[in-house]
Amino acid sequence: MRRLFVLLLTGLFVSTACAQSDSFLDAVDHPQTSQIEMLRIHGIVEGYGHGLFRPDILINRAEFLKILTFAVYGQENAGSAAPCFMDFTGEPQWFWGAACTAKENNILTGYPDGTFRGAQTVNLAEALAMAERAWQMPTPEYVRAPDHWYDPYFDAVADRGIAEYFLRSPNHLLTRGDAAWLLVAFGQPLATVEEPMSSFSSVSSLSSVSSASSASSASSVSSAYVHNVCGNGVKEGTEQCDDGNADDGDGCSSICVIVPEPIQHSAIRLDQRALGTDTVAGGSSQTVLFSFDANAKWQDAMLAGLKFDAEYGAFTAAVNYRLYEDSDGDNKPETLVGSGLVRDDVLSFSGLGARIFTSRGKRFEVRADLVQTSGHLALAFRTSDSAYVEAVGAIDGRELVGIRTDAGGCPRTDNCWIAVYTLDAESVTLTERGNLFVTEASQSLRSHQLLAGVQSADLLRLSFRATDEDIIVDRLAVAGATDAVEELQFFDPAATMPFATAHTSGCRIPASGKLCTTVQFTVHKDIVRDVIVRALLTSADDGAKSGDTVALTLSADTSALDKAVEATGIASQQDLIQNDGDSSAEGEVFIGRSAAGANSAITGPTSDVVHIALRSITNAATDRDGTVVPTGLRTIGIFRFTAQDKPSIARSSRSVSLTTLSFDVTATNVLFSTGSFVLVNMLAPSVSVSCTQSARTGSIRVTCSGFAAYDVNTLIPFNDYVTLGLRGFVDSTQTASLLQTSLSSLNNRDVSGGVTWSDGTSAFHWVDLDEAEVSSTLYRIP
């Protein structure tokens with residue numbers, strides 16, 4: 001007798017001759033309803049009958065290939081059923097033809113042992129490979145071979161959110177709803193199944209059946225269903241349930257079929273975070289020992305319990321184990337979730353109730369108080385326990401069973417609802433006390449002129465870095481001052497008020513130029529704290545000596561009674577010892593070092609004490625840049641010199657006396673008369689002093705001095721200014737002429753610049769300005 005084989009696609013098609021015309025009852029409000037509906041409208045999927053799709057049951061490889069074939073081609077593409085895989089033996093099965101055609105078209109290759117395994121649940125990696133080959137989607141090329149066979153298929157759709165949706169789990173077992181979501185997520189055109197599909201029977205077996213038995217089954221179902229009375233409270237015929245009413249939404253629908261919950265089962269993923277190895281002083285409170293990020297899928301989950309092993313060391317190295325969560329989304333766990341219990345060498349957290357969201361990840365940390373001062377401690381998930389993570393769905397309350405750890409497979413026959421990715425254990429090394437490293441801050445400083453009677457600019461910038469524990473700085477001793485310095489002031493960056501002041505009287509043994517203070521400021525572990533040091537100077541009337549120099553210094557000397565820095569560990573409650581000069585950090589204070597080694601003194605730039613100073617030098621010319629080069633006797637540069645304001649505590653009036661001005665004149669294609677340069681005070685331009693010149697054209701150095709002898713006023717009292725102009729006789733110009741006058745090298749203490757001046761006591765050849773050069777009008781002839 002000739003046997004007829006009917007294609008049986010379990011759960012994807014029903015025994016009808018036309019497509020499902022209405023939305024599936026159990027897909028309404030399902031998280032994947034829009035994708036399921038898309039496939040239904042295209043005729044790609046039908047249901048189980050009674051309007052059901054059953055999106056939450058698993059789909060096997062044969063079923064996925066069938067639905068993929070309809071999605072891509074709109075038809076079966078079933079070729080010969082001749083065996084093409086090693087497991088195609090015995091009586092032919094409904095999917096053999098489609099599988100062999102797919103193999104010929106390189107849509108699938110099967111397993112290394114030559115089998116297809118059609119009844120095996122399809123996982124994400126396999127589904128990606130089949131679909132991308134079917135749609136002929138390009139995959140990336142690699143310089144070196146990828147780590148996993150499925151990497152190209154994940155990378156090819158990296159911008160479609162597929163990996164994120166499935167928690168980056170290639171071994172995720174697909175449900176029927178997952179398959180629908182995935183096929184739509186590819187963004188490829190979906191075929192429409194135009195012709196009515198063959199009569200497919202919804203049976204639980206993948207074996208072939210005869211058309212006669214199929215017809216008999218369909219007939220018996222139809223006959224029984226006609227006599228059902230839905231809502232009478234009696235389960236009859238093909239009714240899946242009958243709860244005595246015809247209402248929907250109570251689990252038994254108006255046509256007496258069980259409607260699965262519209263909420264998809266929750267799943268979570270935990271990713272251990274790298275903390276790095278660390279050294280921490282015994283006594284440190286709530287030290288972070290373990291951290292992980294958690295994400296939920298499909299519905300929020302409630303983390304209920306965790307178990308940990310001591311990978312290195314023993315749990316007795318610490319007490320008060322606690323779990324914290326990030327409750328505000330800033331990735332900084334600050335909310336206590338629960339306390340751990342150590343029993344039989346296992347750290348357990350139970351009854352947590354910590355919500356894990358689908359909308360965003362959440363960070364967790366395990367912290368403890370360290371009590372030992374030596375050894376190591378490292379925590380790790382207790383993966384030997386099949387329930388080392390416990391969680392339930394936040395909405396449906398269903399337990400999340402099965403844990404897949406790292407690349408290992410799921411130990412269950414169905415899905416694992418918890419995925420955990422671990423890292424190699426990173427230990428905390430326990431030590432007796434911390435270390436303090438004091439260095440010069442990275443922001444460089446320049447020399448200043450320190451006006452007697454006022455607060456100085458920044459004279460020293462220090463960086464404090466603590467390791468192993470938080471450290472309190474107890475005392476500071478700074479040398480390199482002068483008797484003009486009344487006190488040193490210590491500031492946090494951007495602060496307007498000092499947090500501490502130092503005086504000579506604060507030292508245990510008073511010494512000239514050294515100021516000491518007792519402080520209490522905290523340097524947090526591994527967080528650099530910068531400190532700015534400024535000076536408050538006495539007034540000139542009270543003895544501040546003009547010309548004194550200040551170069552603040554933290555001494556490298558560890559034998560002095562007043563040491564540069566003294567500090568105490570907060571956790572260890574021990575005083576840090578002074579640097580012993582070796583290459584080991586053993587609870588010490590290091591000066592001028594970012595790592596263990598011999599101290600090196602930290603010295604700020606050298607500054608000068610002055611009784612008065614210039615506040616600014618500016619261009620005072622009214623001609624704009626680009627003005628045509630003048631000819632004849634002209635004022636080619638005008639500069640305004642302004643003195644500092646008078647200190648509030650100063651009693652005597654003082655003046656800046658300009659003694660020499662050296663101008664740099666750029667004269668390109670401009671020729672000056674020899675001996676024609678003079679300097680004038682713009683308030684009395686008829687009185688001038690002659691200047692010397694180095695050349696008539698090109699780069700000309702013009703030097704002017706001896707102002708008092710020619711009655712050219714260059715004295716500038718407090719709060720006042722003078723305006724001086726440089727004149728010269730321009731003999732001739734040409735095309736492409738440039739002319740500009742500048743005062744250069746102004747603010748470099750180590751170089752004689754364009755201005756030499758006196759405060760009435762000492763002479764200075766530099767000016768405390770931010771600008772190194774000030775230029776007057778740029779004249780030009782195109």
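**A first look around**

Modeller: Let's start with strand β28 (residues 588-591), which is covered on both faces: E588 and F590 on one side and V589 and I591 on the other are all buried. Buried stands for under 20% relative accessible area, exposed for over 50%, and partly exposed for in between, using a 1.4 Å probe and protein chains only. Strand and helix names follow DSSP runs counted from the N terminus: E of at least two residues for strands, H or I of at least four for helices. This is a predicted model, so local features need pLDDT of at least 70 and side-chain atom pairs count only at pLDDT 80 or more, while totals for chains, interfaces and linings use all residues. Residues are numbered from 1 along each chain as its sequence is written, and side-chain values use heavy atoms, with hydrogens and water left out.

Colleague: How many bridges join β16 to β28?

Modeller: Three, linking strand β16 (residues 435-440) to β28 in parallel. F437 has F590 in β28 as its bridge partner. Strand β27 (residues 577-578) also runs parallel to β28, with two bridges, and there I577 sits opposite E588. Two strands count as paired if DSSP finds at least two bridges between them.

Colleague: What about the sheet of seven strands: which order does it have?

Modeller: The order is β6-β5-β10-β3-β1-β14-β13, in an open sheet with mixed pairing. Its edges are β6 (335-339) and β13 (403-405), each pairing on one side only. On average, neighbouring strands here are turned by 25 degrees against each other, direction ignored.

Colleague: Which way do β1 and β14 run?

Modeller: Strand β1 (residues 267-272) and strand β14 (residues 418-421) are parallel, joined by four bridges.

Colleague: Changing topic: where does T568 sit?

Modeller: T568 belongs to strand β26 (residues 565-569). T568 counts as buried because its relative accessibility is 16%.

Colleague: What does its side chain make a polar contact with?

Modeller: The partner of T568 is the side chain of D474, at 2.6 Å. A polar contact is a pair of N or O atoms within 3.5 Å; within protein, one must be able to donate a hydrogen and the other to accept it, and residues adjacent in sequence count only if both atoms are side-chain atoms. Leaving out residues up to four places away in sequence, T568 touches several others, including I471, Q573 and L576. Touching, or contact, means heavy atoms within 4.5 Å.

Colleague: And salt bridges, how many are there?

Modeller: The count comes to 31, where a salt bridge is a side-chain nitrogen of Lys or Arg within 4 Å of a carboxyl oxygen of Asp or Glu. One of them joins K307 and D385, at 2.9 Å from N to O. That pair links distant parts of the chain, 78 residues apart: K307 is in strand β4 (residues 301-312), and D385 is in the loop between β11 (376-381) and β12 (389-393).

Colleague: Are those two buried or exposed?

Modeller: K307 is partly exposed, at 23% relative accessibility, whereas D385 is buried, at 19%.

Colleague: What about D147 and R144, how far apart are their closest N and O atoms?

Modeller: In that salt bridge they are 3.4 Å apart. Both D147 and R144 are exposed.

Colleague: Moving on to helices: how do α2 and α7 cross?

Modeller: The axes of helix α2 (residues 61-73) and helix α7 (residues 176-185) come within 11 Å and cross at roughly 35 degrees. F64, I67, L68 and A71 of α2 make the contact with A179, L182 and L183 of α7. Axes are lines fitted to C-alpha atoms, for helices over the stretch in contact, and angles run from 0 to 180 degrees between N-to-C directions.

Colleague: Last one: which phi does Q136 have?

Modeller: A positive one, about 55 degrees, although Q136 is not a glycine. Q136 lies in the loop between α4 (124-134) and α5 (151-156) and is exposed, with a relative accessible area of 71%. N669 also isn't a glycine and has a positive phi, about 60 degrees. N669 is in strand β33 and counts as partly exposed at 32% relative accessibility.
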